[in-house]
Amino acid sequence: MTAQTLDDLLESGVAGRHVLVRSDLNVPLEDGAVTDDGRIRASLPVITALADAGARVVVMAHLGRPKGEADPRYSLRPVAERMTQLAGREVRLAADVTGDSARAEAAALADGGILLLENVRFDPRETSKDDAERAALAAEMAALAGGSDGVAGGAYVGDAFGAVHRKHASVYDIAAELSSYQGRLVARELDVLSRLTGAPDRPYVVVLGGSKVSDKLAVIDNLMERADTLLIGGGMLFTFLKAQGHEVGASLLEEDQIPVVTEYLKRSEDGGCRIVLPTDIVMASAFAADADSEVLPVESLTGGAHGAAALGLDIGPETRVAFGDEIRQAHTVFWNGPMGVFEFEAFAHGTRTVARALTESSGLTVVGGGDSAAAVRTLGFSDGQFGHISTGGGASLEYLEGKHLPGVEALQRADDGTGQAGA
């Protein structure tokens, strides 16, 4: 079933109506300031489109994991301030989720006004495993769409792709309380990801990094049936190298995953998706920005100055060239996970090379959110240099694993006329 879209809602008329919007505003903060506003920028077009059409917009979002209670470290105040700057209009912040402040602020909204509720995860019911508890919170959220003057016809727009893999009150249960619509950000994400899992233009290259191979097992398994080539970097590469019989020193290693990785390598050798591993590694004396380091071939990672105490923090220059060539020749590229410790400049070269190669590709290039999105911005690349930068790392991976996304399914359920989502 196809979800109703934001355009459907706008065409029906929203002037004077309260519209709840679930956005993904889970951005990094440092000293009370937003350090990467990518998700805010991605969310604002839907919010401002509704406000420009005269809606009274109430935005719901989370930040971090505050464990179901108010915690000033996770307040959305810095987010509201940044939204105000970027939108060029005031974005008010309620002091709570559905309490006295939220009700009063929502009731006071004028046409075109924007209100951001405080972190929805301050309420333990948001993430509760109890369906009734989540439903109760969702009903309170929906009540905010009534307005102070009895205006009927409130609506809900799900536009938080980074949260659609969560069965949470503001993502899943709320869709059963109000007429619900799919936001443009979610629609765009699903369109791009469907191209990766449907009939991608070939060659189709997947670049996987990050620290743990255990975090990527399901996506590797699924993508090996679809991609032509997997390029493996990041901390997870050492489990692959160990499975091949190489010593990896003090590098990150998941011994318990070696049998699974060995099976992936065998599938590749038997004619499946080609797995390409690094041929050289930047081995360091310690996990530190100023650590001594040297480039060693994978056959001799413990044969350098620091012996078995050395740990790999980046892919080497030979591997960077090889990975870059693979990416530039591809017609479709999906990248999730940095190649090394990009936060340390000395060990950011592999990640920078992959990012630059994506910008030089003529095919569809998709950066899979999370650390990858943070890396490209940290290293000075702009969003416009890539075909698509996902706002949801975890959601992207679960989609590519073939899992159901509760927040997407909630928007696709038919309204049976009773106010409850039908089958």
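Rings of Phe, Tyr and Trp (its six-membered ring) pair if their centres lie within 6.5 Å, with planes under 30 degrees apart called stacked, over 60 edge-to-face and the rest tilted. By that rule, the structure you have open holds two aromatic pairs. Before you click on, note that this is a predicted model, where local features need pLDDT of at least 70, side-chain atom pairs count only at pLDDT 80 or more, and totals for chains, interfaces and linings use all residues. Residues are numbered from 1 along each chain as its sequence is written, and side-chain values use heavy atoms, with hydrogens and water left out.

**Stop one: a ring pair.** Select F381 and F386. Their ring centres sit 6.1 Å apart with the planes at 65°, so this pair is edge-to-face. Both F381 and F386 are buried (under 20% relative accessible area with a 1.4 Å probe, protein chains only; exposed is over 50%, partly exposed in between).

**Stop two: L265.** Now jump to helix 9, residues 258–269, and pick out L265 (helices are DSSP runs of H or I, at least four residues, numbered from the N terminus). L265 is buried too, at 11% relative accessible area. Leaving aside residues up to four places away in sequence, show F240, A243, Q244, I275 and L277: L265 touches each of them (heavy atoms within 4.5 Å).

Key
Helices (H or I, at least four residues) and strands (E, at least two) are DSSP runs, numbered from the N terminus.
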